[in-house]
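Trainee: I have a model open and would like to talk it through with you. Could we start with a pair of helices and then move on from there?

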Amino acid sequence: MSVWQVLYDLFTYGIFVYSVAILCFYIFIGLYSIGETRKYIRKSTFSNYNILASSEHAPSLSILAPAYNEGATIIENVRSLLNIYYNNFEVIIINDGSKDDSLQKLVAEYDLVQVPYFTEQALKTKPIRGVYKSNNPVYKKLVVVDKVNGGKADALNVGINVARNQYVVCIDVDCILEQDAMLKLIKPFLETPDKRVIATGGVVRIANSCEVEDGKIVRVHLPKQFLPRMQTLEYIRAFLLGRMAWSRMDGLLLISGAFGAFDREIVIKAGGYDTKTVGEDMELVVRMRRYMIDNKIPYSLAYIPDPLCWTEAPVTYKILGRQRNRWTRGTIETLRQHRRMFFNRKYGVLGWVSYPYWFFFELLAPLIEFVGFIAFLVFAFLGMMDWKFFAALLLFIYAFAAVFSVFAILMEVMTYNQYKKRREIASLMLTALLEPIFFHPFTVWSAVKGNIDLLRKKKSWGEMSRQGFATKKNAVVLNNG
Amino acid sequence: MKTLIPYPVLLKTILPYQYLLNAAFFFTVVVAIILLFVLFFLQRYRKQRQRKVQLRALFSDLIAGIAICESEEERQDTLQQFLQEHKPRLQKSFTRNILIREIVKTKDSISGIAAENLQWLYETLSLDRDSLLRFGSSLWYRKASAIQHLAEMQQTKHLVKIYRDTNHANYYIRTEAQIAVVKLTGFNGLRFLNIVSHPVSQWQQLSLISQLQQSEADAAQIAPWLRSENSSVVEFALRLVAIYKCHELYSQTMACLQHASPMVRMQALQAAKEIYDDTTLPRLLLHFDKATKGEQAAILDMLPEIGAGSGEIGFLTTLLQHDDDGIRFRAMQLIQQISPAWSSQVMLHVKDNPSFAAILPLLQKQAV
């Protein structure tokens with residue numbers, strides 16, 4: 001056996017072992033998530049959230065929504081946030097040096113005036129230009145902070161400084177929340193007496209094609225456009241299976257930046273959002289967890305499988321590519337920053353399971369998949385590999401991907417069943433069969449580009465233009481519907 | 001090359017391509033099975049939903065009819081009319097469970113004679129037996145929901161059984177049992193706090209408080225809870241002291257400022273704000289240096305309410321040297337409120353102090 005042959009065998013054998021490991025982990029995640037979701041649904045059947053909604057003793061919370069050039073939709077988005085079903089809260093909009101007329105629109109619409117407002121400089125940030133509150137008592141819960149542009153993480157840090165309440169809820173300003181979202185998000189903070197709950201996250205769903213009325217989703221539809229539909233399936237898989245399994249294992253490393261609640265004191269003690277990374281949401285969660293472990297404080301994180309937050313998914317390959325590119329860079333930066341956790345006994349599940357999983361199966365997967373596919377294709381072309389074997393391998397991987405997606409759809413149907421029409425479920429099933437061929441390769445390629453961009457020290461977020469809402473009679477439909 | 005490396009040797013031995021095809025075929029069959037199951041599930045779900053909608057409509061007529069009855073005869077007539085037509089349906093446990101849920105849901109939002117009528121309906125149809133059957137279940141969610149139903153329907157005859165579960169190892173059974181005994185017996189139901197060895201979560205505290213709204217408090221009962229070894233019980237007792245303004249428990253409340261749990265100390269401050277007397281202010285000022293930053297901020301926030309005046313100017317002025325921005329700011333705000341003249345002088349002195357740079361402009365604006 002020649003050296004080439006040994007290398008060749010090692011490569012192919014390595015790819016095979018890696019593939020088997022990742023498939024096994026996916027099977028484990030799929031099955032392990034069932035128990036957590038089932039338990040949550042059962043306990044929800046006799047939870048009375050109205051207790052929290054009406055109680056003057058309910059914990060206070062500050063909703064932080066950074067806004068950058070959101071002038072087209074800011075008024076409606078803020079109105080939607082102010083209508084949230086909760087008793088004791090403030091909404092803090094952080095205008096991150098927008099170049100458009102966002103601030104002027106807010107000032108005019110909500111009758112805002114600049115006020116003296118003391119903010120603790122608990123976290124270092126770019127300067128605040130002014131804090132605005134409304135003269136109209138109807139909007140007394142609204143605080144608008146105008147600051148010098150510093151990025152999303154810096155804006156959130158300003159929000160944390162300005163916040164006066166115990167819990168901060170960080171959301172994307174263009175997200176649509178379910179009316180009882182805050183009640184469900186805050187409850188875990190109150191029901192774990194033996195541990196300090198430092199953060200909770202909720203499921204984010206795709207709002208494209210859904211009908212929206214007065215800032216609320218009134219009818220859920222499966223997106224009619226191809227890319228958002230693919231992302232719908234992806235989100236169901238990630239949130240209903242992935243996050244729930246990690247939550248059950250107490251190994252969550254990520255709470256979506258679009259919607260998550262945090263214990264303000266712990267956020268500050270952990271140092272707030274890192275302004276140097278584009279994956280600030282994941283980085284903060286990892287740092288908070290490390291802070292608790294390093295200081296030997298019993299703690300936990302909670303995840304809620306209810307669809308609480310709806311967001312508009314990118315509809316073009318260009319925007320989607322930028323998003324995935326950024327997610328990849330964020331993951332790499334976070335894992336690099338916290339590399340001490342890698343197989344570190346001190347960090348328990350995080351060190352032995354979560355971090356290695358993210359490293360091997362999230363960070364390396366696209367690269368291995370990309371290199372493996374290209375290499376196998378070349379081998380097949382050069383006659384080094386049997387075409388039949390190559391085709392059988394592809395078919396095997398494709399069939400497994402389809403099983404995993406179809407299982408996620410089954411879980412969705414048996415739990416929240418958001419897509420009521422049989423046609424929509426059929427369409428989702430078809431999406432599961434098409435996704436590995438038409439969507440997944442693009443996300444792999446975007447991740448590879450993310451790696452390249454990181455090597456080239458690219459730090460930008462990338463423009464994330466949204467289509468926003470379009471009027472349709474009394475209701476509005478996210479206008480790609 | 002082809003002759004050099006014909007086919008991955010290791011893979012060839014451990015993974016003949018036929019295996020891959022077999023596995024792919026297996027996965028395809030799994031996809032097909034799941035697909036068929038989803039279709040079957042949706043079909044069944046739709047039928048069940050329709051059945052539930054029909055039953056709910058049927059029962060809502062019965063519930064509405066019974067709720068407005070004004071006498072025993074009227075209730076009997078309404079029920080008999082219903083049973084003549086629908087008695088066979090009520091033999092099925094699925095149907096009875098829906099009826100229980102509908103009665104419980106309606107009873108939760110009404111009171112007076114209408115609520116008593118629904119309780120009568122529940123007992124006359126022996127639905128309590130169904131609830132008791134669920135209560136005996138080994139599945140926690142069945143048992144917990146049964147406790148909820150029994151409590152909502154005021155089944156005091158089962159109080160002893162429910163009370164036994166107030167210290168159950170399962171969180172959900174325990175909390176439902178605790179809420180149930182309070183729902184059934186009012187403030188007296190809180191006697192489980194004497195024996196509970198598990199923490200009473202904040203969520204549970206809010207739930208219990210919402211059940212206590214119309215109950216009279218008994219300060220003598222609260223007193224031992226303030227000395228409980230279970231710190232969550234102490235925290236809850238302090239909430240009760242604040243809500244019911246139990247002035248007779250003042251000294252025990254102030255003693256809780258020394259408690260090891262920070263949650264208890266914060267709650268003690270909240271309670272002290274509600275039942276303060278002339279001694280509260282000096283005691284809090286004495287406690288100030290030993291308090292955490294959060295407690296110090298809470299103390300400063302409550303000073304105006306508990307009677308801080310010119311006598312505290314000296315203390316507040318010393319706080320202007322504090323290393324925390326928030327404490328300095330609060331102290332300065334209080335000085336402004338108590339003595340605007342002194343605050344102007346202080347501002348002149350601190351204007352060149354770099355640690356005041358962040359807060360001075362705000363204070364000056366507020367002074368104007």
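Mentor: Let us begin with H9(B) and H10(B), bearing in mind that this is a predicted model; the axes of these two helices come within 9 Å and cross at roughly 15 degrees.

Trainee: How do H9(B) and H10(B) lie to each other, roughly parallel or roughly antiparallel?

Mentor: An angle under 35 degrees counts as roughly parallel, and H9(B) and H10(B) are therefore roughly parallel to each other. The crossing of H9(B) and H10(B) is right-handed.

Trainee: Which residues meet there, in H9(B) and in H10(B)?

Mentor: From H9(B) there are B:Thr175, B:Gln178, B:Ile179, B:Val182 and B:Lys183, and they meet B:Gln204, B:Ser207, B:Leu208 and B:Gln211 of H10(B). Sorted by class, this contact of H9(B) with H10(B) has 3 nonpolar, 5 polar and 1 charged residues.

Trainee: Now the two chains: how many residues does the contact take from chain B and from chain A?

Mentor: Chain B gives 48 residues to the contact and chain A gives 52 residues.

Trainee: Changing topic, what does chain A look like overall, in helices and strands?

Mentor: Chain A has 14 helices and 14 strands, and its C-alpha trace spans about 80 × 55 × 50 Å along the principal axes. For 481 residues a compact globule would have a radius of gyration near 23 Å, and chain A agrees with that because its own value is 23 Å. Of the 481 residues of chain A, 47% count as buried.

Trainee: I was also looking at A:Cys170; is it buried or exposed?

Mentor: A:Cys170, whose place is in strand S6 (residues 167–171) of chain A, counts as buried because it has 28 C-beta neighbours inside 10 Å, where 20 or more are needed.

Trainee: What is A:Cys170 in contact with, leaving aside its neighbours within four places in sequence?

Mentor: On that basis A:Cys170 is in contact with A:Leu64, A:Leu156, A:Gly257, A:Gly260 and A:Phe262. By contrast, A:Gly372 lies 39 Å from A:Cys170, C-alpha to C-alpha, and 202 residues apart in sequence.

Note on methods: Residues are numbered from 1 along each chain as its sequence is written. Chains are lettered from A and ligands numbered from 1 in the order in which they are written. This is a predicted model: local features need pLDDT of at least 70, side-chain atom pairs count only at pLDDT 80 or more; totals for chains, interfaces and linings use all residues. Two residues are in contact if their C-beta atoms, placed from the backbone, lie within 7 Å. Axes are lines fitted to C-alpha atoms, for helices over the stretch in contact, and angles run from 0 to 180 degrees between N-to-C directions. Helices (H or I, at least four residues) and strands (E, at least two) are DSSP runs, numbered from the N terminus. Angles under 35 degrees count as roughly parallel, over 145 as roughly antiparallel, 65 to 115 as roughly perpendicular and the rest as oblique. A crossing is left-handed if the near helix is turned anticlockwise from the far one by less than a right angle, and right-handed if clockwise. Ala, Val, Leu, Ile, Met, Phe, Trp, Tyr, Cys and Pro count as nonpolar, Asp, Glu, Lys and Arg as charged, and the others, Gly among them, as polar. The radius of gyration is taken over C-alpha atoms; the globule rule is 2.2 Å times the number of residues to the power 0.38. A residue is buried if 20 or more other C-beta atoms lie within 10 Å of its own, exposed if 12 or fewer, and partly exposed in between; C-beta atoms are placed from the backbone.
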